[in-house]
Amino acid sequence: MSRFIIQDDQFLLDGKPFQIRSGEIHFNRVPRDYWRDRLLKAKAMGLNTICAYLFWNEHEQEKGQWDFSGNLDLAAFVDLVQELELLLILRPGPYSCAEWEWGGYP
C-alpha cells in the first residue's frame, strides 16, 4: 500500500515528490463495458489520478434502498482503477456539481 502525505509545500507518495494529474470520470455515466477503455485513455494522457462523484440519488432512489449493481458498481470501479495503477479521489457529496439533477441529493 502506498503512503501519501503532505510535507511542507509538497505532496509525497512513498517519500518521493508527487504531483496529482487528474481527470474526472463519472463511472455511472459511462457504460461499464467502457470503463477500462476510458481509464486506459486517461492514463495514456499522462493522468495518474481519477476523480469521481458518487451521486447519492442514483444509488439511493428510494429511501434506505441502495443500489451498487451494474453501472453503479462502485467497488468494481475502484478495483479497476487500482488494477490500472491509478489513484482515485472519490467525492461522495452530499452535493455534486456536475450538471446532475438535484445535485445528487437523495
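Colleague: Which order do the strands of the open sheet have, and is their pairing parallel or antiparallel?

Modeller: The model is a predicted one. In it, three strands form an open sheet in the order S4-S5-S6, and the pairing is parallel.

Colleague: What makes S4 and S6 edge strands?

Modeller: Strand S4 (22–24) and strand S6 (87–91) each have a single partner strand, so one side of each lacks a neighbour in the sheet. Direction ignored, neighbouring strands of this sheet are turned by 25 degrees against each other on average.

Colleague: Why is the packing of H1 and H3 called oblique?

Modeller: The two helices pack at an angle of about 40 degrees, and their axes are 10 Å apart. Roughly parallel would need an angle under 35 degrees, and roughly perpendicular one of 65 to 115; H1 is therefore oblique to H3. The crossing of H1 and H3 is right-handed. On the H1 side the contact is made by Trp35, Arg36 and Leu39, and on the H3 side by Ala76, Phe77, Leu80, Val81 and Glu83.

Colleague: Which residues of the largest nonpolar core touch the most other members?

Modeller: That core has 17 residues, and those touching the most other members are Ile25, Phe27, Trp35, Leu39, Ile50, Phe77 and Leu86. Helix H1 (35–44), S5 and H3 are the elements that give two or more residues to the core; H3 gives the most, with five.

Colleague: What does Leu86 touch beyond four places away in sequence?

Modeller: Leu86 touches Leu39, Lys43, Leu47, Asn48, Thr49, Ile50 and Val81.

Colleague: How do you know that S1 and S2 pair, and in which sense?

Modeller: Strand S1 (residues 4–7) and strand S2 (residues 10–13) share four bridges in the antiparallel sense. At least two are needed, so the two strands count as paired. Phe4 stands opposite Leu13 in S2. The hairpin of S1 and S2 has two residues between the strands, and Asp8 takes a positive phi near 55 degrees there.

Definitions and conventions: Residues numbered from 1 in each chain as written. Predicted model: local features only at pLDDT ≥ 70, side-chain atom pairs only at ≥ 80, totals over all residues. Heavy atoms only, no water. Axes fitted to C-alpha atoms, helices over the stretch in contact; angles between N-to-C directions. Core = buried A, V, L, I, M, F, W, Y, C linked by side-chain atoms within 4.5 Å. Buried < 20%, exposed > 50% of the residue type's maximum accessible area, 1.4 Å probe, protein only. Contact = heavy atoms within 4.5 Å. Parallel < 35°, antiparallel > 145°, perpendicular 65-115°, else oblique. Left-handed = near helix turned anticlockwise from the far one by under 90°.
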